[in-house]
Amino acid sequence: MNPTRVLIADDHAVVRAGIRLLIDRQEDMEVIGEAGDGWQAVEQATSLRPDLVLLDVTMPGLNGLEVASELRRAVPDVRLLVLTMHDDEAYLRQFLQAGVSGYILKKAADTELVAAVRAVVRGETYIYPSLTGVLVDRFLDKPEVTKERGSHGKLTARETEILQLVAQGYTSQQIGDRLSITVNTVQTHRAHIMEKLELKGRAELVRYALARGLLTGEPS
Amino acid sequence: MSLRLQIVLAIAGLILVLGLAGTFHARFTLSGISEDLLEQRGNAIASDLEGHASELLLTDDIYGLYRRINSIMNSEGDMRYVVILGPNGEVKASTFAGGLPVGLREANPVPDGQASSTEILETSEGSLLDMARPVLGGEAGVIRVGLSRERVESDVASLTFRLLAITGGILLAGLLVSYGLATLLTRPLSRLADAARAVGRGDLSRKVAIESSDEVGELSAAFNAMTDQLREKEEDRRRLLAQVISAQEDERKRVARELHDEAGQALTSLMLGLKHLHETAVDDTVRARVADLRTVASDTLELMHDLSLDLRPSSLDDLGLVAALERYTKDFGRKYEINVDFHAGALRERRLPIQHEVTVYRIVQEALTNTARHASAKNISVTLDRRNGTAVVVAEDDGSGFDPSGQELSPAEARRLGIRGMEERAALLGGRVTIESRPGAGTAVFLEIPIDEDDLT
């Protein structure tokens with residue numbers, strides 16, 4: 001079987017050298033090229049047709065995400081493995097959407113890189129373990145509040161009005177001024193609403209109002 | 001005591017003192033003059049009577065004496081009595097029908113060698129001026145004339161009354177005039193005081209109208225000039241604060257990037273190199289040493305990464321506020337074991353200008369840090385949304401809360417300082433921070449920042 005042909009795209013020469021040392025020592029993989037910026041990465045991936053591109057996030061020219069999108073389009077059969085400092089789920093989410101097959105952190109490069117390359121080449125998805133929560137979230141989506149809960153039907157017109165204003169981020173004082181009632185009354189109403197709907201905090205209340213279509217327009 | 005009251009009281013006091021002093025003086029003078037006149041009249045009557053009576057007494061013409069004293073009684077309205085005593089004190093003639101009142105005879109003795117004597121007698125019929133005049137040096141007897149002092153007294157009383165009435169009138173007029181004057185004088189001062197209070201509250205746009213060219217007008221002009229300078233200073237301070245904050249943010253960003261990229265990459269390559277050494281080394285002690293070094297490098301990398309995140313998360317610049325806050329709230333909840341529920345509404349799709357994003361991020365950071373430090377809360381909600389032309393961010397906890405208006409103890413004071421910082425940051429972008437909290441009922445920090453639709457990306 002032919003060794004896996006790897007292209008390294010990273011703007012730090014020392015890192016590239018380290019990775020090359022590591023990969024070249026493996027019998028089943030070899031480094032066929034190095035790119036120091038995003039443009040070079042796209043160019044070389046297109047011309048060299050590697051099996052896998054090891055992709056850094058922060059690069060001059062095109063950044064990692066742009067390179068990933070570009071390569072997905074230009075050479076869809078090339079697998080992409082992100083090797084980055086960013087342990088942020090938001091980055092991971094974006095790269096997954098861009099179609100990369102793996103995402104590992106540089107702090108674990110020495111221990112996980114080789115395994116990740118092998119897994120991705122086999123057609124698996126390799127995600128750095130502490131970040132896999134994203135996948136679960138994606139699968140479950142956000143906890144739904146649209147489903148029937150509590151005794152929301154029993155909200156009075158005034159309570160609905162207050163729910164709407166609270167969800168829009170008005171202060172109790174502002175709501176009181178608007179409805180010509182005291183701040184205490186607003187807070188009592190609000191406590192009732194939370195209790196009736198079994199909501200735990202403001203964020204849940206906002207999501208509830210959103211799901212009920214209460215945030216589409218200004219309240220009358 | 002208000003200035004107005006002071007002026008009114010001073011003028012009233014002055015009028016009262018002047019009026020009373022004048023009245024007393026006039027009363028004293030008039031009473032003296034009238035008393036003298038009465039005495040002169042009494043003397044004139046007595047001496048006139050002496051001229052006629054001496055002969056009548058010598059001839060012992062009692063009838064003549066009676067005619068004389070009766071005619072005097074009838075011609076002089078305030079004459080009370082005329083008595084003519086003989087040399088031995090016996091009554092020769094008297095206008096008293098039934099004898100002399102007790103004590104009259106003995107009263108007002110004429111000292112030896114004097115032509116007459118005057119004495120005021122207080123009787124049951126009023127105050128009298130008694131004149132005694134010896135006839136022929138007392139050889140022939142003594143003439144006693146009693147004049148009523150009623151007229152004198154009533155004249156003095158009526159003058160006193162009139163003067164007091166005039167004083168009262170002037171006092172009333174003085175009160176009215178001084179009240180008006182004081183009002184005129186103090187009104188611009190009250191307006192100035194109002195304006196000064198407004199300026200104290202931070203309303204530096206407040207001006208006072210200059211209505212006169214007097215001292216008050218001068219004060220108003222000086223006040224306006226002071227307000228202008230304060231406003232300039234405040235603008236300078238704001239500008240400076242904005243510069244400091246932006247410099248601080250730039251610096252944090254630079255250092256965070258440097259740590260994250262340069263130092264981080266160097267450590268990464270170090271670790272990769274050590275890995276290579278580890279795999280190629282033949283000596284076991286070298287391998288063990290390399291493994292140790294790898295741990296050091298790994299720990300340092302972790303530390304730098306955390307520090308960089310703390311200074312300024314790169315996701316804030318690269319991915320935006322929502323991603324950065326998602327990360328921050330998640331880490332925060334883990335660190336402090338507080339359930340943090342983050343909801344981003346309409347702002348999830350669009351990005352605010354970076355300055356706005358950094359401001360919101362820092363204020364949420366501050367609010368959550370306050371909660372962790374003071375509130376002992378179990379749940380925090382952070383919501384981020386757009387309402388009309390405003391970004392609305394609310395961080396609300398279910399913790400112990402506090403009284404946002406009250407004077408608090410030192411930890412709460414520190415908390416208030418945090419609030420001040422949030423307010424300052426928000427104000428730089430024309431936004432504002434509102435805190436709603438009650439002891440035992442949690443705390444909500446509201447941040448509203450106006451956003452321009454064109455600035456969204």
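**Sheet, cores and domains**

Mentor: In this predicted model, chain B has an open sheet of five strands, paired antiparallel in the order S2-S1-S5-S4-S3.

Trainee: Which are the edge strands of this sheet?

Mentor: An edge strand pairs on one side only. In the order S2-S1-S5-S4-S3 of chain B, this leaves strand S2 (91-94) and strand S3 (117-123) of chain B.

Trainee: How many bridges join strand S4 to strand S5 of chain B?

Mentor: Strand S4 covers residues 126-135 of chain B and strand S5 covers residues 141-148, and the two run antiparallel. Within this pair, B:Arg133 stands opposite B:Ile143. The number of bridges joining S4 and S5 of chain B is eight.

Trainee: At what angle to S4(B) does helix H1 of chain B run?

Mentor: Helix H1 (residues 3-58) of chain B lies across strands S1, S2, S3, S4 and S5 of that chain. Its angle to S4(B) is about 40°.

Trainee: Which residues touch the most other members of the largest nonpolar core?

Mentor: The largest nonpolar core has 38 residues. B:Leu384 is in contact with B:Val360, B:Phe342 and B:Val392, among others beyond four places in sequence. The residues touching the most other members are B:Val360, B:Leu368 and B:Leu384.

Trainee: Which element gives the most to this core?

Mentor: The elements giving two or more residues include helix H7 (321-336), helix H8 (354-375) and strand S7 (379-387) of chain B. With seven residues, the element that gives the most is H8(B).

Trainee: What distance separates the centres of the two domains of chain A?

Mentor: Chain A is divided into domain 1 (4-140) and domain 2 (152-211). Taken over C-alpha atoms, their centres are separated by 48 Å.

Methods: Residues numbered from 1 in each chain as written. Chains lettered and ligands numbered in written order. Predicted model: local features only at pLDDT ≥ 70, side-chain atom pairs only at ≥ 80, totals over all residues. Heavy atoms only, no water. Core = buried A, V, L, I, M, F, W, Y, C linked by side-chain atoms within 4.5 Å. Buried < 20%, exposed > 50% of the residue type's maximum accessible area, 1.4 Å probe, protein only. Helix = DSSP H or I, 4+ residues; strand = E, 2+ residues; numbered from the N terminus. Contact = heavy atoms within 4.5 Å. Domains from an automatic or database assignment. Pairing = 2+ DSSP bridges. Axes fitted to C-alpha atoms, helices over the stretch in contact; angles between N-to-C directions.
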